[in-house]
Amino acid sequence: MAEVKEIAIGLSVLAENAEERGRRIHVEKGLMDLNNQYAADNRKRLGAAKVKALNVLSSPGSGKTTLLSRTLLELGDELKMAVIVGDLATDNDAQRLRVGGATAVQIQTGTFCHLEAVMVARALEALNLEALDLLFIENVGNLVCPAAYDLGENAKVVLFSTTEGEDKPLKYPRIFKEASLVLVTKCDVAEVLGFDRSLALENLRLVTPQARVLEVSAKSGAGMQDWYRYLFELLGRGVP
Amino acid sequence: MHELGLVQRILEIAEAYARREGARAIRLIGLKVGALSGVEKSALEFVFEAAKQGTLAEKARLAVNWVPPVSFCKGCNVEFEVDNPFGIALCPLCNEPSATLRQGQELEVEYLEVV
C-alpha cells in the first residue's frame, strides 16, 4: 500500500515537471517562406510580361545609381527600361534615375535595411510591365540583409568598388556567392588608391568562382560595353 | 540589422502555432539558424527581449541551433563542411573553390515548448 502511494507521488512530481518544461510542438516553418511566395509571384508576373529583372546590390556608395543612370542614358534608344529603387529615406536616387526615358519608382523603406519581395510587388503595380524589356531593382546599400531576400529577379548583380578594399568578398561571402555577375566599379581611380586588382580578383574567385566579373567605370565609361553586352545576352538579343 | 523584422516573423509564427495548439504561453522557441544567414546572435537576442513583450512568448527563451555551412563540389560530387570564416569553400579532394551552399543559410522556427 505504502509502495503504491510512493509511486503516485512520484508520478505527480513527474507531471509537474512536464508542466514546467512544457510540451513540444513541431513547427519547421521558414522565416523566408512568406517572402519567397511573394518573390515567386513577382517572378511569374515578370516572366509573363517577358521582362528580365536584375537585383542590383552593393554597399552604400559603390556606385549603383551612377552605373544605372549612365546605362539608362546610353541604352535608352535600344531598350525599354525601368528602375525600382530602395532607400531608407529621400527620393534623390529616383530623381537621378529618371533619365533616358526610364521610369523610376522609389520605395522608401523607412527602418528596413533591405528590399522585400512584397515591396517590389507593390512597386510593380506602378509600372507598365508589358512595355518593358529590362527592370533594375536597385536594393538598399547594404551587403548583409538584402542577401536573404529573393525579390523575384532573374539574376543578382553585386557591385564592389575599388574604394572599398580588396577583401570585401571575404567579409560578405554570402551575397557574393549568389551573384551571377560582379561589377568591380570605379576602375578609373584604382591606380590612385593603390587598389590591388589581382588580389581582389583572386578573392572573388575563391568566394564566388561561378560569377562573371567585369571591371567598369561609370564615370570614364571604361568597361561599360562589357556590361551592356551582358544585358543584351540576358535578354537573348544581339548587341546592336 | 534586419533582426527586428526576423524576430517579428518568429513571433508571428510562434504565436500562430501556439494558439492553434491551445497553449497559454510559450516557454521556448527553437530556431534553426545557418551560420551564413546573416543573423547576429547578440542582435537577435537583444531584439527578441524587446519584441516579445505583450505576446504569448513574453517569458520565452530562444534556443538557437546553429547550422554550419556545407558546400558542394560539382567536379568531385562531394559535400563538405566549410570551416573558413570568410566562406571560402575549397573542396577537400580537388582544392577548387565552390560557391554552392547546401547548408548554412537556414532561418526557421523548428519547434516550440508551450504550456
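Good morning, colleagues. I shall begin with the confidence of the prediction. The average pLDDT of chain B is 94, and 99% of its residues score at least 70. For the complex, the predictor gives an ipTM of 0.89 and a pTM of 0.89.

Let me turn to the overall form of chain B. The chain contains 2 helices and 6 strands, and from the N terminus these elements follow the order α-β-α-β-β-β-β-β. Its radius of gyration is 17 Å, whereas a compact globule of 115 residues would have a value near 13 Å. The C-alpha trace of chain B extends over about 55 × 25 × 15 Å along its principal axes. Of the 115 residues in chain B, 40% are buried. If we consider contacts in chain B between residues at least 6 apart in sequence, 74% of them join residues at least 24 apart.

Within chain B there is an open sheet of 3 strands, in the order S4-S3-S5, with antiparallel pairing. Strand S4 (78–81) and strand S5 (101–103) of chain B lie at the edges; each has a single partner strand, so one side of each is left without a neighbour in the sheet. From one strand to the next, the twist averages 35 degrees. Strand S3 (residues 70–73) of chain B pairs with S5(B) in the antiparallel sense over 2 bridges. In this pairing, B:Ser71 stands opposite B:Leu101 in S5(B). In general, strands of a sheet pair through backbone hydrogen bonds, either parallel or antiparallel.

I come now to the contact between the two chains. Chain B contributes 30 residues and chain A contributes 30 residues. On the side of chain B that touches chain A, helix H1 (3–20), strand S1 (26–34) and strand S6 (107–114) of chain B each supply at least two residues. Which element of chain B gives the most to that side? The answer is S6(B), with 8 residues. By residue type, the side of chain B that touches chain A divides into 18 nonpolar, 6 polar and 6 charged residues.

S6(B) also takes part in strand pairing across the two chains: strand S1 (residues 23–30) of chain A pairs with S6(B) in the antiparallel sense over 6 bridges. There, A:His26 stands opposite B:Tyr111 in S6(B).

A further residue of chain A deserves attention. A:Ala147 is located in the loop between strand S5 (134–138) and strand S6 (155–161) of chain A. Is A:Ala147 buried or exposed? A:Ala147 is buried, because 25 other C-beta atoms lie within 10 Å. Leaving aside neighbours within four places in sequence, A:Ala147 is in contact with A:Arg174, A:Ile175, A:Glu178 and B:Gly38.

Most residues other than glycine have a negative phi. A:Thr90, however, has a positive phi near 70 degrees. A:Thr90 lies in the loop between strand S3 (81–87) and helix H4 (92–96) of chain A, and counts as exposed because it has 10 C-beta neighbours inside 10 Å. In chain B, B:Asn95 has a positive phi of about 70 degrees. B:Asn95 is found in the loop between S4 and S5 of chain B. With 8 C-beta neighbours inside 10 Å, B:Asn95 counts as exposed.

Thank you for your attention.

Definitions and conventions. Residues numbered from 1 in each chain as written. Chains lettered and ligands numbered in written order. Predicted model: local features only at pLDDT ≥ 70, side-chain atom pairs only at ≥ 80, totals over all residues. Helix = DSSP H or I, 4+ residues; strand = E, 2+ residues; numbered from the N terminus. Rg over C-alpha atoms; globule rule 2.2 N^0.38 Å. Buried ≥ 20, exposed ≤ 12 C-beta atoms within 10 Å, placed from the backbone. Contact = placed C-beta atoms within 7 Å. Nonpolar A, V, L, I, M, F, W, Y, C, P; charged D, E, K, R; others polar. Pairing = 2+ DSSP bridges. pLDDT = per-residue confidence, 0-100. Axes fitted to C-alpha atoms, helices over the stretch in contact; angles between N-to-C directions.
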